[in-house]
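Dear colleague,

Please find below the structure for your records. My notes on helix packing and pockets follow it.

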Amino acid sequence: MSNRLGTSCFFLLILFHFFSCTTTSKGLLNREYHSLISKYNVLFNGLESFTVGETILEEAFEDNFFDLIPVEPINLRGENIDNTTIVPGFDRAEEKAVKAIQKHSIRIDQVQYNRQIDNAYLLLGKARYFDRRFFPALEAFNFLLKSGVNRSNYIEGKIWREKTNIRLKNMELAIGNLRPLARNLMINNKFFSLANATLGDAFLNLKQLDSASFYIKRAALNELNKSSKTRYLFLLGQIYESLGKKDSAIWTCDKILALKRKTPRKFLIQSIIKKNLLNDNITFEKKLASLNKTLKNYENEPYEHFLNRALAKINFQYKKDSIALEYFKTS
């Protein structure tokens with residue numbers, strides 16, 4: 001009896017495997033099988049690789065604080081923006097996205113029955129974007145937007161398409177496509193900050209600082225990710241400073257300092273420096289005390305160059321040239 005039951009179960013498993021492996025049937029079992037496999041096997045591994053690559057890029061990126069920092073770090077120092085990245089992870093993510101599409105897509109009569117394939121095209125486009133292969137990335141995002149995706153994936157795909165257009169120097173096209181979306185998204189929409197930051201980036205590339213500050217501020221105030229929020233706030237402060245809006249620039253420093261350890265330390269240090277350099281209401285003695293206290297903190301050792309340079313500039317502001325030169329030498 002038990003042998004007969006075991007044989008029946010084995011036969012049923014074989015039948016399930018046979019019918020569920022096809023990509024030409026839109027049956028419920030088939031759809032669920034391919035959806036589960038693509039989500040928890042192929043795409044899961046692809047997203048893990050993508051996250052690793054994105055983390056490496058963010059942590060290793062060196063911002064040039066003597067110029068406007070970028071809205072988004074995408075290439076490391078010494079890398080050519082026109083070449084593929086040396087950061088691992090993105091090629092692996094692309095490989096997994098392609099595998100999900102090739103092996104698990106159930107597209108019948110122009111309708112996609114595997115709901116995970118839209119996520120695969122998003123991952124494919126993002127992986128190519130960070131690998132700085134922008135034309136193939138644009139191709140992936142365009143295909144996604146034409147395939148009848150749900151609203152959430154459509155919004156995300158559209159934003160990433162315009163991010164790609166910005167990298168391809170199509171600023172006016174990106175603004176025209178994205179401005180209506182950024183203006184109409186509700187503040188509580190999870191893509192609100194990304195849409196506004198991307199639009200601000202396009203205006204920044206066109207040197208239209210007033211428009212850039214408007215959208216970067218919207219992004220900064222509503223961003224939940226502390227790392228991205230800090231980047232937007234610091235960039236906003238730099239734009240305000242370029243526009244001669246000193247009080248507004250100091251306000252952004254205060255917003256960053258209020259985040260304390262929730263913000264990346266490099267931005268915390270730069271905000272302390274920027275506030276002391278810009279704020280005329282702080283006395284010379286208090287500026288020196290603030291910067292020296294920061295300098296003595298062992299955690300800030302990697303930023304000694306910036307702190308000594310700031311002390312030199314403050315001494316120059318107060319006509320203490322000889323002391324300033326010593327700090328410059330130390331820097």
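H4 and H6 pack at an angle of about 20°, and their axes lie 11 Å apart (axes are lines fitted to C-alpha atoms over the stretch in contact, with angles from 0 to 180 degrees between N-to-C directions; helices are DSSP runs, H or I, of at least four residues, numbered from the N terminus). H4 is therefore roughly parallel to H6, a term for angles under 35 degrees.

This is a predicted model, in which local features need pLDDT of at least 70, side-chain atom pairs count only at pLDDT 80 or more, and totals for chains, interfaces and linings use all residues. Residues are numbered from 1 along each chain as its sequence is written, and side-chain values use heavy atoms, without hydrogens and water.

In the contact (heavy atoms within 4.5 Å), the H4 residues include Leu-122 and Tyr-129, and those of H6 include Trp-160 and Arg-167.

The largest pocket holds about 1,400 Å³ of space (a pocket is an open set of points on a 1 Å grid over the protein atoms alone, where a 1.4 Å probe fits, with protein on both sides within 12 Å along at least five of seven lines; lining residues have an atom within 4 Å of a point; the volume is the space filled by probe spheres set on the points, which are joined across faces, edges and corners). Its lining has 49 residues, with Glu-54, Trp-160, Leu-194, Asn-225 and Ser-228 nearest the centre. H2 supplies the largest share of that lining, ten residues.

The second largest pocket has about 710 Å³ of space and 31 lining residues.

Yours sincerely

Key. Helix = DSSP H or I, 4+ residues; strand = E, 2+ residues; numbered from the N terminus. Parallel < 35°, antiparallel > 145°, perpendicular 65-115°, else oblique.
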